[in-house]
Structures are given as C-alpha cells and as structure tokens.
Amino acid sequence: MSLAFWVIVSLAAAVFFGILEVFVPSMGLLSVIAGLSLIAAVVLAFELNPFFGFGLLVLLMIFGPLVVVLVLRVIPKTPFGRRFFLETEVQSPEEVDPLREELRQLVGTHGRTLSLMMPSGKVLFGGKSYEAVSEAGAIDPNCEIIAVRTEGVSLFVRPFLPEDESVDPEKPGSPLDSVVIADPFGQEA
C-alpha cells in the first residue's frame, strides 16, 4: 500500500478519535491519540513529498483551529447541542426559586398556626398556607405567630407576644439575641 493511503488513514483516524472523544469519557486519552494520528499524517505526508507535507501542515494549522471554534459555536445552538452542553447563563437565586423572596417578605408579619408545630407545621400568612419551623418549640394550632427569619426556603416563626410590636423586620431574630453573656474567663475581644 502506498504512503498516500496511510496519510489518508491517519487523517481519518484523527477525525474518528476526535469525534469519539466528545462521546466517550476517556480523560483526554482519545484526544492524545487523535493528535498523534495528525502528527503521523503530517510525517507520512513529508515522506511522500515535502511540498505535500508542508501543504498538509499549513492546512491543519489554519483549518484545525477554525473547525474547533466553528464546532464550539455552532453545535451548542443545535437541538443536540442544547441537550449536550450546559447552559452558560447563570440565573440568580430569585429567578431559580421565587419562593425565597416571597418568604423574605413575610418576616415581621403576623399569621396563625394551622396545625400543631412540633417544631414544624402549617401556618397561614395573608390567606396563604406555608410550611414553617418554630423557634420556640411546640406551638398549638390556631395560635397567633410572627415570622422572624428565613433560611433558604425555610420560614422560622415563634408565638406572637405584645412586645413584638417593635420587631424590626430588617433585623430578625429571637428575644435571646439581646442577652449578653459575660466572658467567664475575663478576656476581652
């Protein structure tokens, strides 16, 4: 078989292994094989004819990067590519989960328990039912409560007390947050 046949076989092998690399998790091994096949094709082309080898080298140096860029720009826009590649636009947490913002707006508002909270249960705020967690242990059904804070998509509540009229929703917390405990070792920060 002639040297030209092996040049064509090496180029075909490089294309085959390059495409296979996309579909088979080989940790780059198939890319290395594809690259070695391209190098073999160029070496064999130089053996066949120096002008042919130089021409193939120039073509690969020009069209190789162009094909890679074209593939990376065109394939993600195809139906196959949209399923294959991850979405590049990162959404904010509010877009991903609008419930978080809705729960944040409840902080400082009054509601009622719908079920026994041990420590979680159903609560009612503004005519809408939510799942909530009690910061003060068990709360009986149909008790007046106040939303004190959120963590992710969890709403934390406690029984409403008359002194809660002055609760600042910007600084949610429990009454114990204002308790100062002296350092038992007498060290100052």
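## Around Ala132

Let's start with one residue in this predicted model. If you skip its neighbours within four places in sequence, Ala132 touches Met117, Pro119, Ser120, Gly121, Val123, Leu155 and Val157.

Ala132 also belongs to the largest nonpolar core, a group of 12 residues. Among the other members are Leu103, Phe125, Tyr130, Ile139 and Ile145. Which elements give two or more residues to this core? They are α6 (98–106), β2 (120–125), β3 (128–134), β4 (144–151) and β5 (154–159). There's a second, separate core too, with five residues, including Val7, Ala41, Ala45 and Leu56. In soluble globular proteins, nonpolar side chains tend to be buried together.

## Two helices side by side

Now look at helix α1 (residues 3–23) and helix α2 (residues 29–48): their axes come within 8 Å and cross at roughly 160°. Because of that angle, α1 is roughly antiparallel to α2. In the contact between α1 and α2 you'll find 19 nonpolar residues, four polar ones and two charged ones. As for handedness, α1 and α2 make a left-handed crossing.

Pro119, one of the contacts of Ala132, sits in the loop between β1 (110–113) and β2. The peptide bond leading from Met118 into Pro119 is cis, and its omega is near -10°.

Two other loop residues have positive phi values without being glycine. Met27, in the loop between α1 and α2, has a phi of about 55°. Is Met27 buried or exposed? Its relative accessibility is 86%, so Met27 counts as exposed. Asn142, in the loop between β3 and β4, has a phi near 65°. With a relative accessible area of 55%, Asn142 is exposed.

Definitions and conventions. Residues are numbered from 1 along each chain as its sequence is written. This is a predicted model: local features need pLDDT of at least 70, side-chain atom pairs count only at pLDDT 80 or more; totals for chains, interfaces and linings use all residues. Side-chain values use heavy atoms; hydrogens and water are left out. Axes are lines fitted to C-alpha atoms, for helices over the stretch in contact, and angles run from 0 to 180 degrees between N-to-C directions. Helices (H or I, at least four residues) and strands (E, at least two) are DSSP runs, numbered from the N terminus. Angles under 35 degrees count as roughly parallel, over 145 as roughly antiparallel, 65 to 115 as roughly perpendicular and the rest as oblique. A crossing is left-handed if the near helix is turned anticlockwise from the far one by less than a right angle, and right-handed if clockwise. Ala, Val, Leu, Ile, Met, Phe, Trp, Tyr, Cys and Pro count as nonpolar, Asp, Glu, Lys and Arg as charged, and the others, Gly among them, as polar. A nonpolar core is a set of buried Ala, Val, Leu, Ile, Met, Phe, Trp, Tyr and Cys residues joined through side-chain atoms within 4.5 Å. Buried means under 20% relative accessible area, exposed over 50%, partly exposed in between (1.4 Å probe, protein chains only). Contact means heavy atoms within 4.5 Å.
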